[in-house]
Amino acid sequence: LGDTYESYAAQRQGGRCDRCVIAWNKERLEVGPAGCRTILLDHHPPPAAFDSDPSHAETGNVGLAIELRVRSDPGKRCITVATTHLSWEPHKMDVRAWQLHQFFNLVSSHGGPRILLCGDLNFQPGSQPHQFLAQACGLVSAYSDVEAQALTKSHAHACPGGFAAMVDYIWYSSTWFSTRKRLELPTAEGLRASAAAGSCSRTAPQVSGQGPVPTVLSPSWPSDHLVLAALLKLTNPVMDDWDFD
């Protein structure tokens with residue numbers, strides 16, 4: 001990241017090499033009074049009645065939350081930026097839902113109401129965890145209008161028939177933020193067309209509308225996930241004068 005950025009990282013437990021990272025431009029932003037918090041999701045297990053096997057919810061997943069503020073802002077108003085990687089196993093939707101519930105509650109108590117929550121959340125649009133953020137928490141996805149077609153993960157060999165879906169997100173408090181612009185995400189048909197033209201993946205060319213969506217994992221892109229990016233605007237200047245500290 002160079003000398004311009006500072007960052008915090010949370011290492012996944014169990015000897016795994018993956019981690020969550022939040023980085024910021026230190027010339028423009030500084031850490032707020034609440035500081036940074038690493039959240040070990042295994043330390044917040046579900047109730048005993050949740051499942052007869054306690055190891056069912058032990059995944060080693062972690063999250064990270066940090067309070068940041070703009071150095072030039074005379075009011076020193078803060079935002080809370082949070083990221084996590086939730087359980088991925090297909091049979092653990094109940095674990096993902098619990099992890100997300102706990103993570104959001106901990107993030108909400110860390111700082112003020114201006115929340116940005118992002119990461120590899122491993123649930124699809126319309127699922128119970130998705131509805132929890134959109135309805136119960138009042139957050140908005142930066143890609144809400146295209147989630148039905150957009151893809152952030154595609155792996156033709158992940159399971160029989162492959163797997164391609166939106167599972168990575170950028171969520172924000174709509175009272176305080178709005179999306180100005182964002183990085184465009186591909187669709188299944190777009191990836192198939194790119195593969196057929198020889199510009200995507202090393203899988204065999206796909207006939208439009210047939211077969212698994214091509215894998216994005218390749219020597220030039222060492223992941224089966226795609227990048228999300230959004231430019232957000234801090235809005236509601238009248239309410240922004242509210243002293244939440």
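Let's start with Arg71, which is partly exposed in this predicted model, at a relative accessible area of 40%. Its side chain meets that of Glu30 in a salt bridge, 3.2 Å from N to O. That pair links distant parts of the chain: Glu30 belongs to strand β3, Arg71 to the loop between β4 and β5, and 41 residues separate them. Through salt bridges that share partners, Glu30, Arg69, Arg71 and Lys76 are joined into one network.

Now, Glu30 itself. With a cut-off of under 20% for buried, Glu30 counts as buried because its relative accessibility is 15%. The side chain of Glu30 also meets that of Arg69 in a salt bridge, at 2.9 Å, N to O. Here too the pair connects distant parts of the chain, since Glu30 is in strand β3 and Arg69 in strand β4, 39 residues apart.

How many salt bridges does a search of the whole structure find? The count is 8. One more I'd like to show you is between the side chains of Asp18 and Arg12, at 3.4 Å, N to O. Arg12 is a buried residue, at 7% relative accessibility.

Arg12 brings us to a neighbour, Val62, whose contacts include Arg12, Cys20, Ile39 and Thr84. Val62 sits in strand β4 and is buried, with a relative accessible area of 2%. Leu41 is another of the residues that Val62 touches; the two are 21 residues apart in sequence, yet 5.5 Å apart in space, C-alpha to C-alpha.

On to the helices, friends. Helix α1 runs over residues 93-110. Among the buried residues of α1 are Val95, Leu100, Phe103, Phe104 and His110.

Last stop, helix α3, residues 188-196. Which of its residues are buried? They are Leu191, Arg192 and Ala195. Seen down the helix axis, these buried residues fall within an arc of 100 degrees, so they line one face of α3. In general, an α-helix has 3.6 residues a turn, so residues three or four places apart point the same way. The buried residues of α3 pack against β8, residues 153-155. Thanks, everyone!

Definitions and conventions. Residues are numbered from 1 along each chain as its sequence is written. This is a predicted model: local features need pLDDT of at least 70, side-chain atom pairs count only at pLDDT 80 or more; totals for chains, interfaces and linings use all residues. Side-chain values use heavy atoms; hydrogens and water are left out. Helices (H or I, at least four residues) and strands (E, at least two) are DSSP runs, numbered from the N terminus. The expected span of a helix is 1.5 Å times one less than its number of residues. Buried means under 20% relative accessible area, exposed over 50%, partly exposed in between (1.4 Å probe, protein chains only). Contact means heavy atoms within 4.5 Å. The arc is that of the directions from the helix axis to the C-beta atoms. A salt bridge is a side-chain nitrogen of Lys or Arg within 4 Å of a carboxyl oxygen of Asp or Glu.
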